[in-house]
Structures are given as C-alpha cells and as structure tokens.
Amino acid sequence: MVIQKKTPQRLCVGCQELKNKKELLRVVRTPNDEIVLDVTGKKSGRGAYVCSNEHCLAKAFKEKRLERALKRVIDTQVYEQLSSELGK
C-alpha cells in the first residue's frame, strides 16, 4: 500500500485561486515591520501568497487584498519594489 503525501495548498490574494504552495510567491511582513518578497518561504513573520505574474499583484494592490492579508497599510513604493522583483 502506497501512502500519498498531501501537497500544501495556499490561496493567491490576487486571483483568489487555490494553488500548490510551490507555485506561489510569499510576501512577508517581518517582525521589523518591513514588507519583503520571501523566495525561500521560510522567513519569520506574517505571510501572504501571490501568483508569480504581475496581473495578480496588480489586482491585490488595486483591491487592497495584500494590505488586509498582512494587516498593514502598504506604500506604493513597496508595490513597485515587489513588481520589479517579480519581473526578474
């Protein structure tokens, strides 16, 4: 009998779709109150997940979904920084 391991699922704050955790990017509010993109997925702090395209990040910005998920008001400079990091 083969036991199948469950793959973790997370909700994208932009498109509101449930996807595999490895397909999404994690945005973290660190204990120092910084908003950063977590490539490793292991940084400490409150996290929210976004698809790796700019459309989902733009939708999360427009509807303030990322702000609600991280429970903090986010400046437009931070969104610009996140979108530039997504473009890499």
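Is Lys62 buried or exposed? Lys62 is exposed, since its relative accessible area is 69%. The notes below take the predicted model from its overall make-up to single residues.

1. Overall make-up. The protein chain holds 3 helices and 5 strands. Read from the N terminus, the order is β-β-β-β-β-α-α-α. Along the principal axes, the C-alpha atoms occupy a box of roughly 55 × 30 × 25 Å.

2. Of the 88 residues in the protein chain, 32% are buried. Among contacts in the chain with a separation of 6 or more, 43% are between residues 24 or more positions apart.

3. Surface and charge. The accessible surface of the protein chain is about 6300 Å². Carbon and sulfur atoms contribute 50% of that surface. There are 19 positive and 11 negative side chains, and the centres of these two sets are 9 Å apart.

4. Helices H1 and H3. Helix H1 spans residues 54–62 and helix H3 spans residues 76–86. Their axes come within 10 Å and cross at roughly 170°. H1 is therefore roughly antiparallel to H3, because angles over 145 degrees are put in that class. On the H1 side the residues in contact are Glu54, Leu57, Ala60 and Phe61. On the H3 side they are Thr76, Tyr79, Leu82, Ser83 and Leu86.

5. Lys62. This residue, the subject of the opening question, belongs to helix H1. Gly14 is 48 residues away from Lys62 along the chain, yet their C-alpha atoms are separated by 9.3 Å.

6. Arg65. Arg65 sits in helix H2, which covers residues 65–70. Is Arg65 buried or exposed? Its relative accessibility is 19%, so Arg65 counts as buried; the cut-off for that class is under 20%. Setting aside residues up to four places away in sequence, Arg65 touches Val13, Gly14, Cys15, Gln16, Lys59 and Ala60. Among these partners, Ala60 is also one of the H1 residues that meet H3.

7. Gln16. Gln16, one of the residues touched by Arg65, is in the loop between strand E1 (9–11) and E2. Its phi is near 60°, which is a positive value in a residue other than glycine. At 41% relative accessibility, Gln16 is classed as partly exposed.

8. Lys19. Strand E2 (residues 18–20) contains Lys19. The relative accessible area of Lys19 is 23%, so this residue is partly exposed. Beyond its neighbours within four places in sequence, Lys19 is in contact with Pro8, Gln9, Arg10, Leu24 and Cys51. Thr7 lies 12 residues from Lys19 in sequence, with 9.7 Å between the two C-alpha atoms.

9. The loop between E3 and E4. Strand E3 covers 25–29 and strand E4 covers 35–38, with Thr30 in the loop between them. Thr30 counts as buried because its relative accessibility is 13%. Apart from residues up to four places away in sequence, Thr30 touches Val36 and Ser44. Asp33 is located in the loop between E3 and E4. What is the phi of Asp33 near? The value is near 70°, positive in a residue other than glycine. Asp33 is partly exposed, with 40% relative accessible area.

10. Ala48. Strand E5, residues 46–50, includes Ala48. Its relative accessibility is 3%, so Ala48 counts as buried. Which residues does Ala48 contact, leaving aside its neighbours within four places in sequence? They are Val13, Leu25, Arg26, Val27, Leu66, Ala69 and Leu70. Cys12 is 36 residues from Ala48 in sequence, and the distance between their C-alpha atoms is 7.7 Å.

Definitions and conventions:
Residues are numbered from 1 along each chain as its sequence is written. This is a predicted model: local features need pLDDT of at least 70, side-chain atom pairs count only at pLDDT 80 or more; totals for chains, interfaces and linings use all residues. Side-chain values use heavy atoms; hydrogens and water are left out. Helices (H or I, at least four residues) and strands (E, at least two) are DSSP runs, numbered from the N terminus. Buried means under 20% relative accessible area, exposed over 50%, partly exposed in between (1.4 Å probe, protein chains only). Contact means heavy atoms within 4.5 Å. Accessible areas come from the Shrake-Rupley method with a 1.4 Å probe; for residues, only the protein chains shown count as cover. Lys and Arg count as positive and Asp and Glu as negative; His and the chain ends are not counted. The place of a charge is taken as NZ of Lys, CZ of Arg, CG of Asp or CD of Glu. Axes are lines fitted to C-alpha atoms, for helices over the stretch in contact, and angles run from 0 to 180 degrees between N-to-C directions. Angles under 35 degrees count as roughly parallel, over 145 as roughly antiparallel, 65 to 115 as roughly perpendicular and the rest as oblique.
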